Structure formats: structure tokens, C-alpha cells
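Have the viewer open as you read.

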Amino acid sequence: MVRDKKLLTDELAEAIGGAAEPLSASARADIRERVMHEVSATSRGGIFALASHRLAIAGTALAVGFGGVAYAAERSLPGDPLYGVKIAAENAVVAVLPPGRLENRVLVSIAARRAGETARLAREGSGADTIDEALGSLRDAVREAAPDEGPLTTDDASRIRQRGADAPAETRDAIDEAVTSPGPAEGSGSGGGAGGTPNPDTGGSPQSSPKGTPNAGTEDSTGTDDPDLPIQEQIREGQSVSPGGTEPLEDDGSLDMDRVREMDDGSRAK
Amino acid sequence: MTERRLARTVRRACNRDARAFGRLYDEYADRVYAFVRSRTDSAQDAEDITATVFLKAWEAIGNYDDRGLPFAAWLFRIARNAVVDEYRRKAHRPVPVDEPIETGEVAESTDVAVIARADAERVRAVVRMLTEEQASVIAMRFWWDMSIKDTAEALNKNENAIKALQHRAVRTLARLLQEGEDDGA
């Protein structure tokens, strides 16, 4: 009898469930844009990114003389004063990306950045703790970049690894390991609570600023061994400062916003 | 989205992580819209209210405690309140109140059969005629896939009350659909 009830409930679920009024893809995207515009402006990263961007714009003229705040930020490493600008800029971009291929590519590029930062820290002789933290950020970023259904594709994994290829052997191995087995997603066990962003779990102690940075990992990975480009400018002005190319993301992890828009339009058109 | 991933995403959104919140939007937009649309007259209104729901959720998510109300129940409450606010604002439609409806234990299989053979558009039209609580239960149970327990938490009722509400909602739904059939609709 209980079974009958269950059967009836299933049938009911099917009959009524199928009657939910669908939200059209275009309305869905429009609402998302409306919501996320507000959300990213008031998010943890957004406020910072906006402020820093204003700074970057105001400083554009001065940038020539001073070398560019944004440019410096893009090259910053964990612990550098401008490191937060770099991460906030990444967050601002990622926040407004619709799910899908474009988002995946951006996330993979961000993970590659983290690998590059880790390698650079190691090359510059940073301490073990700093490198561990950077590895933790890399794991976070790898988990973020992995699709819901499973691990990274081989191509994506090798692309991330490649950015850490010039690290000293020991760190390179650790980077490979982090990319291959980033560890349990949220496991970071401890701290649930009001929780901060779960951090690296694995060996890693929770970062100094656990709640901090959304998505791409802790705010404590930085730097790039490449001449990264002022990401804020690209985000806000929609200009690509990066050399051409067919990918939305340059090898150094910077974003070509023209390309991003193109891909975004393309995926919406579907 | 798996439960683990959802929990992680919610935690991040609580920390004002915009991307995580975007994920939640992607996960729940359809459900919020389906419910809101069932309580509004036009698709445009429903879209506006859906946007409002997520903006309100973003405003409040910093105070959300994942050890309390399940996230879906929490979000549903916001959606429900937004709908009620809209009713009040427009004041062109009274806020439906629960009216006593016969609760006799009539064969549910008959009801299910009536509902199953109705087309989606007709079912939606009839859901709009349900009381606010009944429609909420229908939305949560069948469109949001929420358990009786979570539904009870969202509506601040006990589980038996939800079962009774669901029963009444389904009965009413079937009765109205049947009447439509009889009228040749």
C-alpha cells in the first residue's frame, strides 16, 4: 500500500512537475545580467575592484610615468600590497560570466595563473609556508575550474601544469600533484560554520584570510612570471590590451574582453 | 549541482562571493520563476519579481546560516514574500487566503489521472487559482523538489499540516481540471 502511494506520488510529481512554466533562455540571461550587475558591484571583490578601477582610470595618465597601478597589480605576488587588486579584478570578471565554455576557459586560465605564481614564488626563494599557501590556492582554483561532472580535461590540466613548468623540481612536482589531485572539494573540513571560503584543505592550513577571495583561490597567491596586463582596464573599458589571438584568455592569464564578449554573444545566441 | 557543491557555493555566496551567487542564480532561477509566475498575471511581472527575489537574497545572504533553514526553503520564503509584496503594491488582486476545502480522502488515483491527462498550460492556469499556501506547497514539492520536511520549514508548519495542504491542493487541482473537462475546456 505504501508502494502504491509512492507510485501515485511519483506520477503526481511527473504530471505537475512538467507543468512548471519555463523561463525562456533570453529572459533567464536578462535577469541574470540585471542581478549580477548589482551583485558584482556590491560583492566583496566588486567594491574593491570598482574602487581600484576608478583608481586605475584616474591613474591612467599617470600610469605612463608610474608604470601603471594595474600593470603592477597584475605582476603582484601574494603579500604584495596590490595583490588584492589582481584577485578582485579576476573575481569581477568571473562573477558576470554565464556558465559554460567561456566560464570554464576563464577558470582554467586563472588556475594556470596560480600555477605560474607558485612557480615564481619558488624561483624567487620564498619560504615553504608561502609556497604551501600558493599551492593551496592552486588547488582551490583547479577545483573551481573542474566541471561539476568530473575532473579537468587532459588539455586543461596540461595547460595549467605548463605554467608551473619552470619551477624548481620539487615545486614543479607539487604543482603537478595539485593539478592532478586537488583534493576533496570542500573538505577543508574544519570550519564550516559561518564559514569562509573553504580553503585548500590538503596539507594546507587554512589561509590567513579564509573568507576572502571568492573563486579563484585565496588572495594569497599572486604574481605572475609573465608581463601580465592590467586586467582592470580590460574589464572596465572592454579593451584588450593583450596581443591578438583567438582565445579569450592569453597564455599569461590575462583576458581579452573583446573576445570574451564575442564568445558570450555566441553562446547566448544558441 | 550536487549537495556538496551546493553547500560550498552557498557558503561562498554568504561571504559575498558574486560568482558563487551567480551559480545559485543558475541553479534556482527556473524554480523561482515557476513559482512566481504561478502567482502573477504576466510573464513580465514574473521576470521582474524573479530579479527582485535574487537581489533580496543577495542583500540577505550574509545573514543566512546553513545550519538553520535549508537554502531552498530560505530562498522560497524570499520568493513568497516578494510575491505578497507585489500583490500589496499593485493591489489589483487580493492576496488569496486559505479557504476551507473539503478534505475527504477521495481516491487519489482519480485525481492523479485527471491531472496527468491535462496539458501543462491548463495545469498552470489552475495552479493560479489555488490559494497562496496551496500553490506554495505545489511549487515546493513538485517544482522545487523539496521534501515535506523542508517545505514545512519554509512555511513554518509541521509536516502533517504540509501533507494535508498538499492533499487539499491536489484535490482542488484535480477538481478544477475536471470541471474544465466537463465544461469542454
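How are H2(A) and H3(B) oriented relative to each other? Their axes pack at an angle of about 30°, so H2(A) and H3(B) are roughly parallel to each other.

## Ground rules

This is a predicted model, where local features need pLDDT of at least 70, side-chain atom pairs count only at pLDDT 80 or more, and totals for chains, interfaces and linings use all residues. Residues are numbered from 1 along each chain as its sequence is written, with chains lettered from A and ligands numbered from 1 in the order in which they are written.

## Chain A overall

Chain A has twelve helices and zero strands (DSSP runs, H or I of at least four residues for helices and E of at least two for strands, numbered from the N terminus). Of its 270 residues, 53% are buried, meaning 20 or more other C-beta atoms, placed from the backbone, lie within 10 Å of a residue's own.

Take the contacts in chain A with a separation of 6 or more: 66% of them come from residues 24 or more positions apart. A contact here is two residues with backbone-placed C-beta atoms within 7 Å.

## H2(A) against H3(B)

Back to the opening pair: the axes of H2(A) and H3(B) are 10 Å apart. Axes are lines fitted to C-alpha atoms, for helices over the stretch in contact, with angles from 0 to 180 degrees between N-to-C directions; under 35 degrees counts as roughly parallel. On the H2(A) side, the contact includes Ile31(A), Val35(A) and Val39(A), and on the H3(B) side Ala51(B), Phe54(B) and Trp58(B) are among the residues taking part. The contact residues split into eight nonpolar, one polar and three charged (nonpolar is Ala, Val, Leu, Ile, Met, Phe, Trp, Tyr, Cys and Pro; charged is Asp, Glu, Lys and Arg; the others, Gly among them, are polar).

## H7 and H9 within chain A

H7(A) (residues 101–123) and H9(A) (residues 154–163) have axes that come within 7 Å and cross at roughly 30°, so this pair is roughly parallel too. Val108(A), Ala112(A) and Gly116(A) are among the H7(A) residues in the contact, with Ile160(A) and Arg163(A) among those from H9(A). The tally for this contact is six nonpolar, one polar and four charged.

Note on methods: Parallel < 35°, antiparallel > 145°, perpendicular 65-115°, else oblique. Buried ≥ 20, exposed ≤ 12 C-beta atoms within 10 Å, placed from the backbone.
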